[in-house]
Every structure is written in structure tokens, then in C-alpha cells.
Amino acid sequence: LQCGKLIVVASVIVVLFGNILSANQIYLKKDLEQDSSLSFFTRVVDKMDMLEGYDRKTTPVVFVGRADCFDENKVGFSNGYQIMGATGNYVLGAAGPSWYERYFEYKLGYDILTVDNSKLDFYKESEFVKDMPIFPDDGCMQIVDGVLVVKLGEVAQEDASK
């Protein structure tokens with residue numbers, strides 16, 4: 001009887017230890033993603049501020065595409081979110097305008113105006129934007145009809161069709 005109790009306790013300890021290791025790996029992954037996003041968007045803000053004609057209080061911004069650094073297949077940014085039962089990787093770079101606005105305000109301490117969601121598809125499908133270079137190349141940020149267009153990456157076909 002004592003041996004059975006000992007086996008049960010040992011099994012519970014092994015399972016808990018395995019869960020602790022998995023949780024730490026997921027927390028580390030999320031921490032690396034946050035650091036990567038912060039670093040990336042700090043560079044974006046710097047380039048935005050240097051662009052002639054941009055005023056963060058009056059010029060709306062639209063972010064188009066998903067930056068390569070947020071590729072969910074990139075080593076170190078594997079699909080660990082699936083372990084937690086989520087259906088998508090929510091790292092920055094695949095979000096809507098209001099999400100960027102909140103990220104810039106709360107995480108970077110930098111207020112921006114963004115275009116509303118209804119105009120996002122226009123920019124994703126625009127031939128002009130498709131021909132723009134990708135961040136951080138020169139020309140990746142341009143003011144078009146009073147809106148700062150920031151091209152972070154190529155627009156995936158499924159994104160353009162939404």
C-alpha cells in the first residue's frame with residue numbers, strides 16, 4: 001500500500017515538473033517576441049519621425065503587410081501558441097489599425113492616429129503600395145493623400161482577400 005502511494009506521488013511530481021518546464025519555455029518565447037516587437041517598432045517610430053511632412057498629431061498612419069521578423073515559422077518564434085490552444089500567432093505585425101494605435105500608445109509611449117479598418121483593404125490592394133519597398137528600405141514610408149503608409153512586408157494573398 002505504501003509503495004502505491006509513493007508511485008502516485010512520484011508520478012504527480014514528474015507531471016508537475018514537466019508542466020513547469022513547458023510553461024517556462026512558453027513564457028520565454030513570449031518574452032522574446034515582446035522584445036523583438038519593441039525593438040522593431042522603436043526603429044519604425046524613429047524612421048517615421050524623420051520623414052518630412054509627418055506630424056504624429058495630425059497625420060493618420062496605415063501599416064501594410066507583415067514584417068519578416070514576425071514570421072511564425074521563424075526559428076525561435078515557432079507555433080508554441082498552439083500548445084496553449086490558441087488558433088493564431090498574435091505577435092505584432094498582423095494586427096488591425098486600432099491594435100497598432102494602442103501598442104504605440106501603451107508600449108512605446110507614442111501617440112499615433114491610424115486609419116479606420118474600413119480603409120485598410122484599399123491600401124492592402126493598392127498597386128502603389130504593392131510597388132513600395134519594405135521596411136527598413138528607403139521609400140518604405142510615404143505620405144499618400146495625407147496618410148502615412150508604412151509597408152512592413154508583403155501582403156499575404158489571404159490578407160488581401162479579406
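Trainee: In which loop does Asp145 lie?
Mentor: First, this is a predicted model; local features need pLDDT of at least 70, side-chain atom pairs count only at pLDDT 80 or more, and totals for chains, interfaces and linings use all residues. Residues are numbered from 1 along each chain as its sequence is written, while side-chain values use heavy atoms, leaving out hydrogens and water. Helices (H or I, at least four residues) and strands (E, at least two) are DSSP runs, numbered from the N terminus. On that numbering, Asp145 falls in the loop between β3 and β4.

Trainee: What is the phi of Asp145?
Mentor: Asp145 sits in the hairpin of β3 and β4, with two residues between the strands. Asp145 is not a glycine, yet its phi is positive, at about 50 degrees.

Trainee: Is Asp145 buried or exposed?
Mentor: Buried means under 20% relative accessible area, exposed over 50%, and partly exposed in between (1.4 Å probe, protein chains only). Asp145 has 75% relative accessibility, so the residue counts as exposed.

Trainee: In what order do the elements run?
Mentor: The protein has five helices and four strands. Read from the N terminus, the order is α-β-α-β-α-α-β-β-α.

Trainee: What share of the contacts in the protein between residues at least 6 apart in sequence join residues at least 24 apart?
Mentor: Contact means heavy atoms within 4.5 Å. Take the contacts between residues at least 6 apart in sequence; the share that joins residues at least 24 apart is 64%.

Trainee: Which residues have the most contacts inside the largest nonpolar core?
Mentor: A nonpolar core is a set of buried Ala, Val, Leu, Ile, Met, Phe, Trp, Tyr and Cys residues joined through side-chain atoms within 4.5 Å. The largest one has 20 residues. The residues with the most contacts inside it are Val44, Met48, Phe63, Phe104 and Leu152.

Trainee: Which element supplies the largest share of this core?
Mentor: At least two residues each come from α1, β1 (60–64), α2 (97–106) and β4. The largest share is five residues, and its source is α1.

Trainee: Which residues are in contact with Met48, leaving aside neighbours within four places in sequence?
Mentor: Met48 is one of the residues with the most contacts inside the largest core. With those neighbours set aside, Met48 touches Tyr54, Val61, Phe63, Phe104, Tyr110, Ile112, Met141 and Leu148.

Trainee: How many residues make up the second, separate core?
Mentor: Its members include Val64, Val115, Met132 and Val147. The count for this second core is nine.

Trainee: Around the axis of α3, what arc do the buried residues cover?
Mentor: Helix α3 (residues 117–125) has the buried residues Leu120, Tyr123 and Lys124. The face turned away from that buried side carries exposed Ser118 and Phe122.

Trainee: How many residues apart are Asp138 and Lys47?
Mentor: A salt bridge is a side-chain nitrogen of Lys or Arg within 4 Å of a carboxyl oxygen of Asp or Glu. Asp138 and Lys47 form one, with the closest N and O atoms 3.8 Å apart. The pair links distant parts of the chain: Asp138 is in the loop between α4 (127–130) and β3, and Lys47 is in helix α1 (residues 2–50), a separation of 91 residues.

Trainee: In which helix do Glu127 and Lys130 lie?
Mentor: Their side chains meet in a salt bridge, 3.7 Å from N to O. They are three residues apart, about one turn of the helix, and that helix is α4.

Trainee: What is the relative accessible area of Lys151?
Mentor: Lys151 forms a salt bridge with Glu154, the closest N and O atoms being 3.6 Å apart. Lys151 counts as buried because its relative accessible area is 1%.

Trainee: Which peptide bond is cis, with omega near 15 degrees?
Mentor: Look in the loop between α4 and β3, where Pro136 is found. The cis bond runs from Phe135 to Pro136.

Methods. Two strands pair if DSSP finds at least two bridges between them.
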